[in-house]
Amino acid sequence: MTFRVLTAELAHETNTFSRILTGKQAFRDRYVLMGHDAIAARRDANTELAGFLDVGHAHGWHVEHVLSAAAGPSGKVERAAFEWLCDPIIAALECGRFDGILLGLHGATVLDFSDDGEGEILRRIRAVCGEDLPIAITLDPHANVSAEMCSLADIVVSFCTYPHVDMRETGRRAGAILQRTMAGEIRPRTIRVSCPMLEETNGGRTDVGPMIARLARAKDYEKRADVFAVSINAGFASTDIADVGPTVLVTGQGDLAPHFAFAETIVEDIWARRHEELNDYLTVEATAAHAARFNPENGPLVIADYADNPGAGAYGDSTALLGALLDERVSNACFGPMVDGDTVQELHRVKVGEVSRVVLGGKFDPAFGGGPLTLEGELISVSDGRYVGDGPILGGLSRSFGPSAVLRVDGIEILIVTIAKQMLDLQQFKSFGIDPERKCVVALKSMQHFRAAFEPIAGRVIVCDSGALCTLQYDRLPYRNVRRPIFPLDQDAVRSDGSHL
Ligand SMILES: [Zn+2]
């Protein structure tokens with residue numbers, strides 16, 4: 001029999017501390033692709049949709065793909081934007097007859113009228129399709145998973161990697177479980193155990209540290225006949241909501257008690273090792289001192305500004321690190337991105353090769369990461385900011401920084417952009433004439449994703465906390481809605497909330 005499956009992708013990671021609300025334009029700036037356009041753009045790349053379609057093709061599904069949409073991490077999603085993207089999914093559901101629903105979501109979406117964006121989507125879908133239609137969702141492990149999400153969706157599968165390089169694989173896993181459910185072979189549901197922490201250490205790195213063993217145990221538990229997926233979510237700390245923090249989910253069936261017990265053992269381990277840090281977070285001064293004396297014999301020094309990562313909703317215009325590198329007279333260096341659309345507009349009126357004076361960055365919220373820098377530099381190039389990725393995460397996908405420019409100030413080539421994005425692909429420098437492999441110092445804004453493409457070319461990687469919006473100094477952020485006590489805001493927090501579904 002041919003199963004009819006409705007698919008959609010709708011993702012936003014919401015940093016509720018950001019002053020920049022997320023409207024329709026923010027989604028247009030990343031992508032809003034309807035039906036066949038989404039398939040054309042995302043079918044042959046490392047995307048959840050590609051994984052859905054792989055399974056659909058293998059099982060002869062009739063797939064109706066509604067849309068794929070995402071915005072860069074930023075503040076709460078405005079109701080108008082949410083309705084605009086959610087309504088077509090509901091309309092398709094009302095018009096058609098389906099055997100299953102398969103959604104690629106994020107899990108840390110906050111709306112200006114609800115703290116649980118994914119829960120809101122799923123509630124609206126259930127209101128149309130009823131209780132019985134199987135729903136499978138994929139999540140980013142930086143999801144803050146609510147109990148309601150797990151009761152509304154039957155099947156929940158998160159990526160197992162950070163840097164995230166298994167989107168397509170995750171789409172396939174969720175699709176395969178949905179196939180078995182539609183065929184009547186299994187009747188999955190998803191249980192959840194949470195932990196009173198803002199996030200798992202360093203967002204749940206999976207290249208080093210304790211997450212490697214946890215994921216191995218999860219894979220092992222998935223071998224049971226009554227278990228279909230185990231998801232270990234690190235949580236997303238820049239979200240001031242009650243359901244913030246790590247969760248372990250088991251999608252299974254039968255007696256749920258062992259599934260809870262298993263999830264509990266993973267959460268206990270997350271809790272027991274909550275004081276561990278996998279990065280050595282340097283101040284901007286210490287970082288610049290390293291840069292000034294670095295020998296690039298084995299490749300450049302790659303500096304990650306963890307706190308100003310636009311990929312977690314920071315503004316991307318923090319100047320603290322750039323200022324320190326300039327003070328140390330670091331040379332043969334590149335720095336990117338600096339998000340400052342106004343400066344880009346000014347530079348687009350200047351001739352390439354001319355020297356220009358700019359007031360750069362530090363404009364969104366100077367309290368986090370420093371105020372504007374007045375600089376004089378030579379304009380190297382201007383562009384529309386478009387690039388096509390060639391790394392493990394973005395390979396084959398088109399993206400844009402919006403109007404952009406490269407300005408050389410002393411020994412540093414600065415990539416100045418309009419649309420905030422984290423650096424996770426070499427093409428984000430190369431497409432604008434900067435070759436990171438030939439630099440002595442490569443300073444970029446990212447927490448962890450950069451490692452997928454930049455570690456292979458790096459002589460050494462160091463991580464800096466510039467004090468920008470995603471700083472690890474959590475006591476500087478005005479948390480009001482998270483449940484208390486919670487680690488690390490409350491160092492004496494105890495894991496006693498027993499937050500079972
Ligand atoms: Zn993520």
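Which side chain does the side chain of Thr190 join in a polar contact of 2.7 Å? I opened my notebook with that one, and the partner is Thr251. By polar contact I mean a pair of N or O atoms within 3.5 Å; within protein, one must be able to donate a hydrogen and the other to accept it, and residues adjacent in sequence count only if both atoms are side-chain atoms.

A note on ground rules. I am working with a predicted model, where local features need pLDDT of at least 70, side-chain atom pairs count only at pLDDT 80 or more, and totals for chains, interfaces and linings use all residues. Residues are numbered from 1 along each chain as its sequence is written, and side-chain values use heavy atoms, with hydrogens and water left out.

**Thr190**

I placed Thr190 in strand β7 (residues 189–194); helices (H or I, at least four residues) and strands (E, at least two) are DSSP runs, numbered from the N terminus. Thr190 counts as buried because its relative accessibility is 0%. The cut-offs are under 20% relative accessible area for buried, over 50% for exposed and partly exposed in between, with a 1.4 Å probe and protein chains only. I also found a polar atom of the Thr190 side chain 2.9 Å from the backbone oxygen of Asp154.

**The six-stranded sheet**

Next I traced an open sheet of 6 strands with mixed pairing, in the order β2-β3-β1-β4-β5-β6. Its edge strands, β2 (31–34) and β6 (155–158), each pair on one side only. Pairing here needs at least two DSSP bridges between two strands. β4 (residues 100–105) and β5 (residues 135–139) run parallel over 4 bridges, and I noted Ile135 as the bridge partner of Ile101.

Then I looked at the helices on it. Helix α4 (residues 79–95) packs on the sheet, touching β1 (4–11), β2, β3 (62–70) and β4, with its direction at about 170° to that of β3. Helix α5 (residues 117–129) lies across β1, β4 and β5, at about 165° to β4. Axes are lines fitted to C-alpha atoms, for helices over the stretch in contact, and angles run from 0 to 180 degrees between N-to-C directions.

**Leu322**

My last stop was Leu322, in helix α11 (residues 320–327). At 0% relative accessibility, Leu322 counts as buried too. Leaving aside neighbours within four places in sequence, Leu322 is in contact (heavy atoms within 4.5 Å) with residues including Phe335, Met338, Leu360 and Ile414. I also logged Ser466, 144 residues from Leu322 in sequence and 9.8 Å away in space, C-alpha to C-alpha.
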